[in-house]
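User: Please take a close look at one single part of this model. Then set that part against the rest of the chain, with the cut-offs stated.

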Amino acid sequence: MTIHYTVTLQNAHAHLIDVRLRINNIKESTLNLSLPNWIPGSYLIRDFAKNLIGMEAQDKQGTFLAIAPLDKSHWQISSESPLESVEITYQVYAWDLSVRTAHFDQTHAFFNGTSIFLKIDNFLDTPYQVSLPKTDVTERHGWKVATTMPSTDIDSSGFGEYQAENYRDLIEYPIEVSDFTSIEFVANNIPHRVAFTGNFERQKLDKSQLIKDLIAICETELNLFGEPYPFEEYLFQVMVTDNGYGGLEHTNSTALLCSRSDLPYTTDDKRTDGYIQFLELCAHEHFHSWNVKRIQPDVYQKSDLSQPVYTNQLWWFEGITSYFDGLFLNMAGLVDSETYLKRLAKEMTRVYRMPGRFNQSVAESSLMTWTKFYQQDENAPNAIISYYSKGSLIGLGLDLLIRQQTDNQKELVEVLKALWQRNGVTRIGLQEGEIEQVCSEVSGIDLTEFFQQYLFGTEDLPFESLFTPFGVDFTLRPATGIKDTGGATEETNFPVQLGANLQTTEHQTVRVTHVWNDQPLYSAGVSASDEIIALNGYKMSSVETLENFLKGCELGEKLTCHYFRRDELMQAEIHLNTLISDRVVLEKNNQYQDALPWLTN
């Protein structure tokens with residue numbers, strides 16, 4: 001059997017991608033087709049088939065064949081006699097500007113294979129061929145192709161013929177087609193590319209700074225694991241928007257979203273916070289080439305992507321990756337230890353501000369990612385914890401504990417290396433509980449109680465004692481303002497707290513987006529989606545107005561609050577009687593220089 005797709009980018013205004021699928025040498029009377037319901041790395045049933053339109057099938061003689069839907073994402077084509085070949089045509093509606101699906105308009109086309117390529121059940125190990133021809137749209141806009149899918153015959157712009165060894169590989173090569181800005185560099189003799197698509201100041205992009213920094217990050221990661229390297233080339237596909245952020249890892253590439261303000265420009269006199277965040281995102285997704293794309297749970301390897309699969313292990317694959325993404329910048333010499341500690345304190349604050357960490361363990365957060373994490377509601381801060389953020393703190397705690405108890409002779413990196421050799425290079429999937437066992441084996445420490453308390457339990461890690469041998473003081477303080485994200489500050493503590501996330505609305509009210517249990521707004525009966533219009537008779541036209549008003553209040557004071565719930569005016573009395581210390585501060589003390597080495601420079 002041969003399987004050949006032709007993907008035509010012509011209907012940009014309608015956001016429709018045309019697909020023709022030819023299947024030859026079938027020799028069977030029925031053919032079962034399907035489309036994945038989720039994409040690896042993003043654990044939510046997305047029902048990609050909902051975007052398929054107008055599917056038709058014809059046999060070799062041009063006779064239309066019946067297509068019977070079996071369920072929401074499976075179809076069966078049947079004939080009275082064995083089929084020699086079938087041509088299937090359909091369109092995919094592509095209007096989701098994200099890293100997970102497909103998007104097509106007059107500015108570019110981007111798609112993942114899970115959104116585009118029907119798979120032929122029972123023939124998943126057959127080579128899948130893809131044609132990507134030039135069209136009037138691609139010619140008129142001067143577009144070119146950015147993908148790591150192996151090519152067999154392409155032109156200088158990347159249009160032409162591609163092939164993947166099997167269906168699982170096919171969906172690991174997202175495709176970007178646009179007039180992207182491209183930069184290239186080499187890390188450890190491996191070619192890397194970055195393709196920037198979107199509207200930004202291209203002529204001011206500081207390419208030399210970006211190349212220098214990405215080389216430092218990529219080589220730090222490649223050197224950490226050593227050979228064999230997991231890929232022979234690597235591609236960063238970057239969509240630049242006004243305020244985008246996110247990434248999705250693939251076998252030898254990643255699709256990223258970033259804000260245009262996060263890029264480095266020649267007018268910058270230093271690395272901005274936004275740029276450092278972008279570098280951390282690049283480090284995070286590049287690191288996934290080892291940790292989750294090759295070192296991965298056994299259940300992921302066996303999944304056909306039609307139903308959810310469950311594992312407790314995302315604390316490692318996302319949490320540990322989140323721990324190392326910032327640390328890699330320090331190891332690469334891009335941020336000093338003081339800057340790293342400030343950023344780490346802000347990341348830790350995200351956990352300490354979540355009362356849900358006492359209601360859900362990180363292991364459960366991983367197991368229930370399909371609903372509770374990926375479908376968060378307004379009560380999420382009270383109900384759940386992120387396996388990214390608290391998983392990162394478990395990684396930090398593990399690293400400090402292992403270093404502390406082995407007199408810095410061992411560290412968490414050694415666990416990564418062991419997993420790479422045992423499971424990454426060999427592609428042997430990990431069973432539940434196996435990572436925790438490897439941590440104990442490699443470190444020589446019985447970590448059973450550690451994991452019971454902090455991975456499967458809901459206790460806070462003892463960071464005050466964990467940091468002490470390294471000359472770092474860990475403390476918690478109250479907020480200095482509504483937008484305080486943690487870290488050291490010279491400002492005085494905010495005198496009062498409402499216990500909520502707030503945002504200014506377009507009609508000059510203050511919308512409550514999240515309310516923390518047992519704090520003033522919660523106790524007053526004010527809920528998420530309510531819009532505060534006045535406190536003590538004074539109009540609250542923005543978050544800044546409200547914050548300035550609260551600065552004049554005192555702990556113990558009572559406020560009269562008028563707010564809208566839906567279209568009904570309501571009143572409540574807010575008691576300013578709670579002051580929570582939930583902002584993390586990490587500061588070097590006078591023992592830092594004599595501490596065991598943990599951070600670089």
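Analyst: Leaving aside residues up to four places away in sequence, Ala479 touches Asp484, Asn493, Phe494, Gln497, Ile580 and Arg583, where contact means heavy atoms within 4.5 Å. The model is predicted, so local features need pLDDT of at least 70 and side-chain atom pairs count only at pLDDT 80 or more, while totals for chains, interfaces and linings use all residues. Residues are numbered from 1 along each chain as its sequence is written, and side-chain values use heavy atoms, with hydrogens and water left out.

Ala479 sits in the loop that joins strand S19 (472–478) to strand S20 (500–504). Helices (H or I, at least four residues) and strands (E, at least two) are DSSP runs, numbered from the N terminus. Ala479 counts as buried because its relative accessibility is 3%; buried means under 20% relative accessible area, exposed over 50%, and partly exposed in between, with a 1.4 Å probe and protein chains only. From Ala479 to Val526 the C-alpha distance is 21 Å, for a sequence separation of 47 residues.

Asn189 lies in the loop between strand S14 (181–187) and strand S15 (190–198). Asn189 is exposed because its relative accessible area is 75%, and its phi is near 65 degrees, a positive value in a residue other than glycine. Arg566, in the loop between S24 and S25, also has a positive phi, of about 60 degrees, without being a glycine. At 67% relative accessibility, Arg566 counts as exposed.

The strands on either side of Arg566 form a hairpin with 2 residues between them. S24 (residues 558–565) and S25 (residues 568–575) pair in the antiparallel sense over 8 bridges; two strands pair if DSSP finds at least two bridges between them. Tyr563 has Met570 of S25 as its bridge partner.

A further loop, between helix H4 (207–225) and strand S16 (234–241), holds Pro228. The peptide bond from Glu227 to Pro228 is cis, with omega near 5 degrees.

Leu329 belongs to helix H7 (residues 314–331) and is buried because its relative accessible area is 1%. Beyond four places in sequence, Leu329 touches Ile217, Ile276, Leu279, Glu280, Ala283, Leu334 and Val335. Helix H7 is also one of the elements against which the buried residues of H14 pack, the others being helix H12 (389–405), helix H13 (412–424) and helix H15 (448–454). H14 (residues 434–443) is mostly covered, with 7 of its 10 residues buried, among them Ile435, Val438 and Cys439.

For the whole chain, the count is 18 helices and 26 strands. Of the 601 residues, 56% count as buried. Contacts between residues 24 or more positions apart make up 69% of those with a separation of 6 or more. Along the principal axes, the C-alpha atoms fill a box of roughly 85 × 65 × 50 Å.
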